[in-house]
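Hi there,

Here is the structure I promised to pass on to you. Have a look at it first, and then read my notes below.

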Amino acid sequence: MRKFTTFIAVAVLSFSSIGCDRFLDIQPEGKIIPVTAEDYRKVLTSAYSKYPIHRSLVALRTDELNVDENTSDFIAYREIAMWKDSNNDQSTIEFPWVSFYSVVFYLNQIINEGSKTMTDSPEKQQILAEAYALRAYVYFDMVNLYGKPYNAATASQDRGVPINLEIDLEQVLKPSSVQEVYDQVHADIKKADDMMVEQKQTSPINYRFSKVSLLAFQARTALYQGDWNKALDYSDQALAIKGELSNLNTSSQAPNHFTSVESIMALDNAFNSAVQNLSFASSDLISKYNTATDKRFGIYFEKNGSKYKVIKGGSSDFRVSFRTSELYFIKSEVLVKLNRLDEAKEALLKVLKNRYTPTGFTSIQAEVNVMNATEFMSFMMDERFREFALEGQRWFDLRRLNQKKIIHNINGQEYILQQNDVRYTIEFPKSAKKNNPYL
C-alpha cells in the first residue's frame, strides 16, 4: 500500500479546481497525497475528466455517418468504419481500454482509501456516491463495448470484461462474465444510491452524478437487460425529479447542449471534433427526417455542398450522458412491451410535440393514434434514431435490437456488417491482449 500511495502522490494526483467557464478544464496545481474531502473531490474531478471518448468512435460503426476520405485524419479512423478490429494498421486509433481502467484506478483509490481518511460529512457521502456511480458506469460501458448484448439465458457464460476493485497496479485479471459485470454494476449503483446527497446537478458541474442521473442510469441499464417494469419505474422516478423538455419551436438550442433544460448529466463527449471533421451524415440518417416540419433537422445538420455536416457536437458544450427525452423514450418502449400501447403513445407524443412544427405534430399525432403495437414500435425506433443522432446511442441500440445489416463505401470499396455479425461485439484492443494473456 505504501508503494501505491507514493506512486499516487508523485506521479498521478496533480489537480486543481474546475475553471469558471469550462467544466472539466483542469490545470496542474502541485502534487498532493489525498486525505480530505477537498483532496478527493479533485481526484474525482480528474476521474471524470479522463472519461474515454468511445461514443464518438462507435458512431463510425453505425448507419449514422459516412467518412470523408479526403481528410487528414482519415487513415486513423477508416478501419473503424470498416469494422476491422483485428490486424489493424498501426495508424488506426484503438478503442479505449487503458483509459477506462485509469478512471477505475482513481475511483478505487477514492472508494478504498478515501472512505478511511475523509472526515464524515455530507460531502464525503456525495464523493463516495459519485465514485461508486462512475465505476458502475465504466463497467456498464465496457461490457456493452466488449461483451455480447445482455441475454439472461446466456449472460453467465458470455465473456465480459475484467473487474478490478482494488488498487494493485500489478494485478492481471481474467474477464468476468457479462452477468458478473452487470451484477457489479448493480452493486455499485446500490452503494451510490444509499449515499447520494445531491438531487440534481446544474451546469457547469452537471458532469457529476446525482440522484436523478443515477435513476436515469438505472432506467437505461434495466432497458438493456430487458427488465421492463424496473425500466418504467426508474424512468418515472427520474422524471418526477426532472421532466423538462426543450421546445424546439421556441428555442434553437440543441437539446443535447450541456445547458439545455433537458440535461441530466453531461459527461460523455459523444461526438468529438475529430470524428465530426472527417464525417458527413449518412443518407440513411438524413432520409429519416421530414425537413419541412421536424425542427431538429436544422439544429442537428448543416448543408455542405451536396452533403450534410453534423453540427450537434464537436465541442465540450455538447457533452451528454443522460437527458430527459431519453426517459420518455424508455417509458414508451417498455410500455409497448408491457402491452400498454395508449400510454406508450402518450409518452412519445410528449416529446414529439416539442420537436415538430404545430402542423407537423398534428399530422403525426393523427398517424400515431391509429397505429397498432408493431407499427408504433417501428415508428418509435425511427424517432429514437432521429432524436439521438450522434449522441452515442445508436450503436448500442443496434446491438440490443435487430443488429441490422450495414454497408459502408470507403475508397470505392464496399464493406458489409452482416445482420447479427459477430463484429457487433468489439474485440479487445490489440494492446490490451498483448499485455494480458487472459484476454
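Helices (H or I, at least four residues) and strands (E, at least two) are DSSP runs, numbered from the N terminus. With that in mind, Asn 411 sits in the loop between β7 (406-410) and β8 (413-417). Asn 411 is not a glycine, yet its phi is positive, at about 50°.

Before going further, please note that this is a predicted model: local features need pLDDT of at least 70, side-chain atom pairs count only at pLDDT 80 or more, and totals for chains, interfaces and linings use all residues. Residues are numbered from 1 along each chain as its sequence is written, and side-chain values use heavy atoms, with hydrogens and water left out.

Another backbone spot to look at is Leu 390, which has a positive phi near 55° and is also a residue other than glycine. You will find Leu 390 in the loop between α16 and α17 (394-400). Leu 390 counts as buried at 1% relative accessibility, where buried means under 20% relative accessible area, exposed over 50%, and partly exposed in between (1.4 Å probe, protein chains only). There is a cis peptide bond too, running from Ser 203 to Pro 204 with omega near 10°. Pro 204 belongs to the loop between α7 (178-195) and α8.

Now to the charged residues. Side chains of opposite charge can pair when their charged atoms come close. A salt bridge here is a side-chain nitrogen of Lys or Arg within 4 Å of a carboxyl oxygen of Asp or Glu, and by this rule the count is 33 salt bridges.

- Glu 130 pairs with Arg 41, with the closest N and O atoms 2.9 Å apart. Glu 130 is in helix α6 (residues 122-146) and Arg 41 in helix α2 (residues 37-49), so this pair ties together parts that are 89 residues apart in sequence. Glu 130 is buried at 0% relative accessibility, and Arg 41 is buried at 9%.
- Arg 78 meets Asp 89 at 3.7 Å, N to O. Arg 78 lies in helix α4 (residues 74-81) and Asp 89 in the loop between α4 and α5 (98-117), so the parts tied together are 11 residues apart in sequence. Arg 78 is buried, with a relative accessible area of 16%, whereas Asp 89 is partly exposed, at 32%.
- Arg 323 bridges to Glu 387, the closest N and O atoms being 2.8 Å apart. Arg 323 is in strand β6 (residues 322-323) and Glu 387 in helix α16 (residues 373-387), so parts 64 residues apart in sequence are tied together. Both Arg 323 and Glu 387 are buried.

Which residues are linked with Arg 323 in a network of salt bridges? Among them are Glu 262, Asp 294, Arg 296, Lys 312 and Glu 387.

Finally, a pair of helices. Helix α8 (residues 211-224) and α6 have axes that come within 12 Å and cross at roughly 25° (axes are lines fitted to C-alpha atoms, for helices over the stretch in contact, and angles run from 0 to 180 degrees between N-to-C directions). The two helices α6 and α8 are therefore roughly parallel to each other (angles under 35 degrees count as roughly parallel, over 145 as roughly antiparallel, 65 to 115 as roughly perpendicular and the rest as oblique). Residues in contact (heavy atoms within 4.5 Å) include Ala 133 and Phe 140 in α6, and Leu 214 and Phe 217 in α8.

Enjoy exploring!
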